Amino acid sequence: MPPLRFVATLALLVALALTAMPGSQAQSAAPDETGHGGVTGLPVPRFVSLRSDEVNMRTGPGIRYPIDWVYQRRGLPVEVIDEFEAWRRIRDREGTTGWVHQSMLSAERTAVITGERRMLRQTAAQQSEPVAWLEPGVIVTLERCDEAWCEAVALDGNDRYRGWLGKDEIWGVYPEETL
C-alpha cells in the first residue's frame with residue numbers, strides 16, 4: 001500500500017491537471033455577460049464558414065488533441081460557441097461539436113439549404129417568381145438578411161444565381177439576426 005502522503009500528492013496533481021485542461025472553466029474564454037468571447041471580443045455564439053476543403057475538428061483546443069472529424073466542404077457554415085487562444089469550438093448543423101484552429105475559419109457568411117427543395121426567389125415575397133430551385137445541402141453565400149428573408153447567391157458550375165430565401169429555409173443565420 002502506498003504511503004498516505006503519496007496518495008494525497010497524487011490526488012492533488014490530478015485535481016490540478018483537471019482544472020488546467022483547456023476545456024475547463026479556468027482557461028475557457030466562454031462568452032462574458034455581454035455575449036462576447038473573451039479572446040476576440042466578437043459575439044459568441046456566431047456563424048462563420050469553413051475556409052478550406054479540408055478542416056480538422058479536434059477533441060480539444062490544440063494539435064496534441066486527436067482529430068475527431070475531418071470536414072471536406074469549403075464554405076460550410078458552422079457556429080462558434082467558445083474560444084480558447086487561437087482555437088474555436090464550433091458546432092455544425094447536426095450538432096457535432098469540436099475545436100478548429102481560427103485560420104481554418106472565414107468570416108464569409110454562408111448558409112445551407114435545409115428540409116426540402118427550396119425556391120430561390122426574385123424578391124423577398126412568397127408569391128415571387130423563381131430564380132432557381134435549390135436542393136437540400138446546397139451552400140449559398142449570404143449577401144444580406146432582414147427580419148424574415150436573406151438575399152443569397154448560389155453557384156452551379158459557372159452559373160451564378162442571386163435571389164431570396166426565407167430564414168426558415170436555411171441554416172447559418174439566427175432568426176432575429178440582420179446582416
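Glutamate 177 is buried, its relative accessible area being 17%; buried denotes under 20% relative accessible area, exposed over 50%, and partly exposed the range in between (1.4 Å probe, protein chains only). Its side chain meets that of arginine 109 in a salt bridge with an N to O distance of 2.7 Å. A salt bridge is here a side-chain nitrogen of Lys or Arg within 4 Å of a carboxyl oxygen of Asp or Glu. Arginine 109 also counts as buried, at 14% relative accessibility.

What does this pair tie together? Arginine 109 lies in the loop between β7 (105-106) and β8 (110-113), and glutamate 177 in the segment after β14 (170-171), so the contact ties together parts that are 68 residues apart in sequence. Helices (H or I, at least four residues) and strands (E, at least two) are DSSP runs, numbered from the N terminus.

## Basis of the values

The model is predicted: local features need pLDDT of at least 70 and side-chain atom pairs count only at pLDDT 80 or more, whereas totals for chains, interfaces and linings use all residues. Residues are numbered from 1 along each chain as its sequence is written, and side-chain values use heavy atoms, with hydrogens and water left out.

## Other salt bridges

The structure holds nine salt bridges. One of them joins the side chains of arginine 162 and glutamate 143 at 3.7 Å, N to O. This pair links distant parts of the chain, with arginine 162 in strand β13 (residues 159-166) and glutamate 143 in strand β11 (residues 139-145), 19 residues apart. Arginine 162 is partly exposed at 38% relative accessibility, and glutamate 143 is partly exposed at 39%. Through shared partners, salt bridges join Glu143, Arg144, Glu151 and Arg162 into one network.

A further salt bridge connects glutamate 94 with arginine 93, the closest N and O atoms being 3.7 Å apart. Glutamate 94 is exposed, with a relative accessible area of 60%, while arginine 93 is partly exposed at 38%.

## The disulfide

A disulfide is a covalent bond between the sulfur atoms of two cysteines; the criterion applied is a pair of cysteine sulfur atoms within 2.5 Å. The structure holds one disulfide, which joins cysteine 145 to cysteine 150 with an S to S distance of 2.0 Å.

Are these two cysteines buried or exposed? Both cysteine 145 and cysteine 150 are buried. The torsion about their S-S bond is about 110°, so the disulfide is right-handed.
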